[in-house]
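Subject: Structure handover

Hello,

Here is the structure we spoke about. My notes on what was found in it follow below.

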Amino acid sequence: MIASGDDLSFDLPLAAGHFAGRWSPSSREWVGVWSEDGATLPLTLHRGRVSRPPLPRIAGLDGDWTGIVGVEAQMRLRLTYHIRTDQHGTTVVSENPDHLANGATNESIGRIGDHVILSLNLVDGEVQANLAENGEVMIGALTQAGQQYPLMLTRMR
C-alpha cells in the first residue's frame, strides 16, 4: 500500500487487482480505479459499516459432532464440529486436535433432507454425510485435495 498526500494505491495479489485513487475532501472518499485482468472499473471507497448477511438457519443439527476419519491404514484423525443456531443463523466451529487446528469458524453448513454438507474452508475440504439413527449419526466422507476418506460423526449430548 502506498499513501502519499492525497493519493492512495494498493495491490490485492490474490485477485491480481490494483486500486489507485485520490482523496476527495468534499465527499470524504477515495475516488479511483480498480484494475484486474486488463479491465478497469471506477471504484469509490468510503467509510461505512459493513453488515454481514445473516447466516442460514439449519434445523436439527445443533450439538457437538465427533468422529474419526481414516486417512491411511495406520493413521486416524479426530474431528469435532460444534454446530449452533442462534438469532444470527447456524454456525460451525471445527476442531482437529491431531493437527492442532482448533476453533476454525469459517466453516459453512447446508442440509437437504437427511443429506448434510459441511464446507471446510480453512482446509479446502468438504464433508458430505447422511443422517442416520434418528439424526444422531452422520455417515459419509471427507473430501480434501481430491481424496475421499470415510467418516462417521456421532452427536454428543
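Two strands are taken to pair if DSSP finds at least two bridges between them. Strands themselves are DSSP runs of E with at least two residues, helices are runs of H or I with at least four, and both are numbered from the N terminus.

On provenance: this is a predicted model, in which local features need pLDDT of at least 70 and side-chain atom pairs count only at pLDDT 80 or more, while totals for chains, interfaces and linings use all residues. Residues are numbered from 1 along each chain as its sequence is written, and side-chain values use heavy atoms, with hydrogens and water left out.

Overall picture

The protein has 13 strands and zero helices. Its C-alpha trace spans about 65 × 40 × 25 Å along the principal axes. The radius of gyration is 22 Å, whereas a compact globule of 157 residues would come out near 15 Å; the radius is taken over C-alpha atoms, and the globule rule is 2.2 Å times the number of residues to the power 0.38.

Of the 157 residues, 29% count as buried (buried is under 20% relative accessible area, exposed is over 50%, partly exposed is in between, with a 1.4 Å probe and protein chains only).

Among contacts with a separation of 6 or more, 24% are between residues 24 or more positions apart, where contact means heavy atoms within 4.5 Å.

There are 12 positive and 18 negative side chains, and the centres of the two sets lie 9 Å apart. Lys and Arg count as positive and Asp and Glu as negative, with His and the chain ends not counted; the charge is placed at NZ of Lys, CZ of Arg, CG of Asp or CD of Glu.

Two hairpins

Strand S4 (residues 29–36) pairs with S5 in the antiparallel sense over eight bridges. In this pairing Trp-30 stands opposite Leu-45 of S5. Two residues separate the strands of this hairpin, and Asp-37 in the turn has a positive phi of about 50 degrees. Strand S5 (residues 39–46) lies largely in the open, because the number of buried residues among its eight is zero.

Strands S12 (residues 137–144) and S13 (residues 147–156) are also antiparallel, paired over eight bridges. Met-138 stands opposite Leu-153 in S13. The hairpin of S12 and S13 has two residues between the strands, and Ala-145 takes a positive phi near 50 degrees there.

Most residues other than glycine have a negative phi. Glu-133 is not a glycine, yet its phi is positive, about 50 degrees. Glu-133 sits in the loop between strand S11 (125–132) and S12, and is exposed at 57% relative accessible area. Asn-134 lies in the loop between S11 and S12 too, with a positive phi near 55 degrees. Asn-134 counts as exposed, at 80% relative accessibility.

A buried serine

Ser-9 belongs to strand S2 (residues 7–12). Ser-9 is buried, with a relative accessible area of 17%. Leaving aside neighbours within four places in sequence, Ser-9 is in contact with Met-1, Ile-2, His-18, Phe-19 and Ala-20.

Regards
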